[in-house]
Amino acid sequence: MRIETNLDDRDLVKRVLAGDSRAQQEFFYSYRDRLYRTCVHFLGYQDGEAEDIVQRVLEIAHGKMGSFDFRYKLSTWLIQICVNLCYERLRQRKRTLLMVERDLEIAMDRRAHDPAPDGAGEEEARERKLGL
């Protein structure tokens with residue numbers, strides 16, 4: 001849904017900062033879909049975090065809107081915030097995967113060096129002999 005207004009970026013920002021609810025709706029509906037598409041590009045289709053990141057972008061932008069530099073387009077600024085948040089999320093995912101991989105390696109190493117529990121080694125040897 002797009003609310004039709006004739007606001008340029010400067011007027012839109014001023015009205016949002018003044019608490020104008022119509023301008024806040026215009027801001028939200030004007031940029032929501034483009035930000036979502038940006039998230040999907042980086043995070044993948046149907047990623048549940050895309051909507052959360054869009055919401056976070058709009059929150060950050062609203063908080064920093066008073067310092068927005070009007071030499072640039074508002075949309076470019078918002079997309080840059082979005083891209084930065086997507087990269088941050090991808091770095092978090094990578095760190096999580098590396099920790100899981102490390103934990104699996106430690107568990108596999110322990111299993112390889114731990115003596116088999118009562119008779120388990122004999123059973124595994126029989127299974128290998130039979131080709132199971």
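Guide: Let us begin with one polar atom of the side chain of Thr38, which lies 2.9 Å from the backbone oxygen of Arg34. Please keep in mind that this is a predicted model.

Visitor: What makes the pair formed by the side chain of Thr38 and the backbone oxygen of Arg34 a polar contact?

Guide: A polar contact needs N or O atoms within 3.5 Å, and the distance here is 2.9 Å, so the pair falls within that cut-off.

Visitor: Why is Thr38 called buried?

Guide: The word is used for residues under 20% relative accessible area, and Thr38 has 12% relative accessibility, so Thr38 counts as buried.

Visitor: How do you know how many disulfides the structure holds?

Guide: The structure holds 0 disulfides. A disulfide is a covalent bond between the sulfur atoms of two cysteines, and here the cut-off for the two sulfur atoms is 2.5 Å. For Cys39 the nearest cysteine sulfur is that of Cys82, 3.4 Å away, so Cys39 is in no disulfide.

Visitor: Are Cys39 and Cys82 buried or exposed?

Guide: Cys39 has a relative accessible area of 0%, which is under 20%, and therefore Cys39 is buried. Cys82 also has a relative accessible area of 0%, so the conclusion for Cys82 is again buried.

Visitor: Which residues have the most contacts inside the largest nonpolar core?

Guide: They are Phe27, Leu35, Ile53, Val57, Leu74 and Leu78, in a core of 24 residues. Helices α1, α2, α3 and α4 each supply at least two residues of this core, and α3 gives the most, with 7 residues.

Visitor: How many helices and strands does the chain have, and what part of its residues is buried?

Guide: The chain has 5 helices and 0 strands, and 23% of its 132 residues count as buried.

Terms used. Residues are numbered from 1 along each chain as its sequence is written. This is a predicted model: local features need pLDDT of at least 70, side-chain atom pairs count only at pLDDT 80 or more; totals for chains, interfaces and linings use all residues. Side-chain values use heavy atoms; hydrogens and water are left out. Helices (H or I, at least four residues) and strands (E, at least two) are DSSP runs, numbered from the N terminus. Buried means under 20% relative accessible area, exposed over 50%, partly exposed in between (1.4 Å probe, protein chains only). A nonpolar core is a set of buried Ala, Val, Leu, Ile, Met, Phe, Trp, Tyr and Cys residues joined through side-chain atoms within 4.5 Å. A polar contact is a pair of N or O atoms within 3.5 Å; within protein, one must be able to donate a hydrogen and the other to accept it, and residues adjacent in sequence count only if both atoms are side-chain atoms.
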